[in-house]
Amino acid sequence: VNITCNAICPGYVLTPLIDSQIPDTMKKYNMTREQVIRDVLLERQPSKEFATIEQIGGTAVFLCSPAADQITGTTISLDGGWTAL
């Protein structure tokens, strides 16, 4: 039986949940939307970009492919370099 177990660990993904939290954060810190994204949400992500659902999905597809048969017990960070800091 070829069973693998891995974890995909994204940084921030601009989902409806995150998007709905931005206005409250804007009010809390008296910032613009762009400032909240840059200085609060993506502060620790060196790429300064959100991970996308396409990137996460592509990684999942790769992990399900024969190319990943020997990858198991690991985490794959899609966090724009957050964990590298």
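Trainee: Helices (H or I, at least four residues) and strands (E, at least two) are DSSP runs, numbered from the N terminus. Where is the place of Asn 30, then?

Mentor: Asn 30 sits in the loop between H1 and H2. Before going on: this is a predicted model, in which local features need pLDDT of at least 70, side-chain atom pairs count only at pLDDT 80 or more, and totals for chains, interfaces and linings use all residues. Residues are numbered from 1 along each chain as its sequence is written, and side-chain values use heavy atoms, with hydrogens and water left out.

Trainee: Is Asn 30 buried or exposed?

Mentor: Buried means under 20% relative accessible area, exposed over 50%, and partly exposed in between (1.4 Å probe, protein chains only). Asn 30 has 72% relative accessibility, so it counts as exposed.

Trainee: And what is its phi?

Mentor: Near 55°, a positive value in a residue other than glycine. Most residues other than glycine have a negative phi. Lys 48 also has a phi near 55°, and its place is the loop between H2 and helix H3 (53-63). Lys 48 counts as partly exposed because its relative accessibility is 41%.

Trainee: What does Glu 43 touch?

Mentor: Contact means heavy atoms within 4.5 Å. Not counting residues up to four places away in sequence, Glu 43 touches Arg 38 and Lys 48. Glu 43 belongs to the loop between H2 and H3, and at 52% relative accessibility it counts as exposed. Its C-alpha atom is 22 Å from that of Glu 54, which is 11 residues away along the chain.

Trainee: Back to the helices. At what angle do H1 and H2 pack?

Mentor: About 95°, with their axes 9 Å apart. Axes are lines fitted to C-alpha atoms, for helices over the stretch in contact, and angles run from 0 to 180 degrees between N-to-C directions. Angles under 35 degrees count as roughly parallel, over 145 as roughly antiparallel, 65 to 115 as roughly perpendicular and the rest as oblique. H1 and H2 are therefore roughly perpendicular to each other.

Trainee: Which residues make the contact?

Mentor: From H1, Ile 18, Asp 19, Ile 22, Thr 25, Met 26 and Tyr 29; from H2, Arg 33, Val 36, Ile 37, Val 40 and Leu 41.

Trainee: Which residues make up the largest nonpolar core?

Mentor: A nonpolar core is a set of buried Ala, Val, Leu, Ile, Met, Phe, Trp, Tyr and Cys residues joined through side-chain atoms within 4.5 Å. The largest has 7 residues: Ile 18, Ile 22, Val 36, Ile 37, Leu 41, Leu 42 and Phe 50. Helix H2 (33-41) gives the most to this core, with 3 residues. As for Ile 22, leaving aside neighbours within four places in sequence, its contacts are Leu 14, Arg 33, Val 36, Ile 37 and Leu 41.

Trainee: New topic. How many aromatic pairs are there?

Mentor: Rings of Phe, Tyr and Trp (its six-membered ring) pair if their centres lie within 6.5 Å; planes under 30 degrees apart count as stacked, over 60 as edge-to-face and the rest as tilted. That rule gives 1 aromatic pair. The ring centres of Tyr 12 and Trp 82 are 6.2 Å apart and the planes are at 35°, so the pair is tilted.

Trainee: Which parts of the chain does the pair link?

Mentor: Distant ones, 70 residues apart: Tyr 12 is in the loop between strand S1 (7-10) and helix H1 (16-29), and Trp 82 is in the segment after strand S2 (75-78).
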